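Me: Please go through the model shown here with me, taking one question at a time.

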Amino acid sequence: MADPLIDSVVAQYQIQARLGGGSMGVVYKARDLKLGRLVALKFLPPEWSHDEDAKQRFVREAQAASSTDHANICTVHDIQSTDDGRLFIVMAYYEGETLKQRLAGGMLPVHEALHIGTQGARG
């Protein structure tokens with residue numbers, strides 16, 4: 001089944017691809033049509049769009065990330081909502097593979113695992 005958000009425009013963002021998802025959201029690659037840059041959009045899952053506690057946690061996540069300035073923490077540009085009330089966080093887009101994708105290729109060498117863990121701890 002095709003993802004209905006792919007190729008749609010939400011606010012000023014043209015959604016290009018789904019990057020991944022988890023329990024707290026689904027992340028898409030998008031183009032900011034006003035500024036001409038690539039961004040990542042993290043959407044609160046639709047089933048939680050009417051759950052005030054979930055919405056507040058999502059907003060706190062965006063606030064916490066936006067209040068930091070560290071190379072190992074994603075830059076948050078904005079938090080917005082769709083016309084139907086779904087919250088989404090606008091973040092910097094970083095080219096590359098996710099840790100999940102990297103682990104799908106097999107176990108990491110110890111030095112690489114330590115390097116990744118150190119980066120996470122620093123963030």
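**Questions on the model**

Reply: Asp7 is exposed (over 50% relative accessible area, with a 1.4 Å probe and protein chains only, where under 20% is buried and in between is partly exposed), its relative accessible area being 60%. This is a predicted model, in which local features need pLDDT of at least 70, side-chain atom pairs count only at pLDDT 80 or more, and totals for chains, interfaces and linings use all residues. Residues are numbered from 1 along each chain as its sequence is written, and side-chain values use heavy atoms, with hydrogens and water left out.

Me: Where is Asp7 found, and what is its phi near?

Reply: Asp7 belongs to the segment before strand S1 (9–10), strands being DSSP runs of E of at least two residues and helices runs of H or I of at least four, numbered from the N terminus. Its phi is positive although the residue is not glycine, with a value near 70°.

Me: Which residues of H1 are buried, and why do they line one face of the helix?

Reply: The buried residues of H1 are Ala54, Lys55, Phe58, Ala62 and Ala65. Seen down the axis of H1, the directions from the helix axis to the C-beta atoms of these buried residues fall within an arc of 105°, so they line one face.

Me: Which strands are included in what covers the buried residues of H1?

Reply: Covering is judged by contact, meaning heavy atoms within 4.5 Å. What covers the buried residues of H1 includes strand S4 (38–43), strand S5 (76–81) and strand S6 (87–92).
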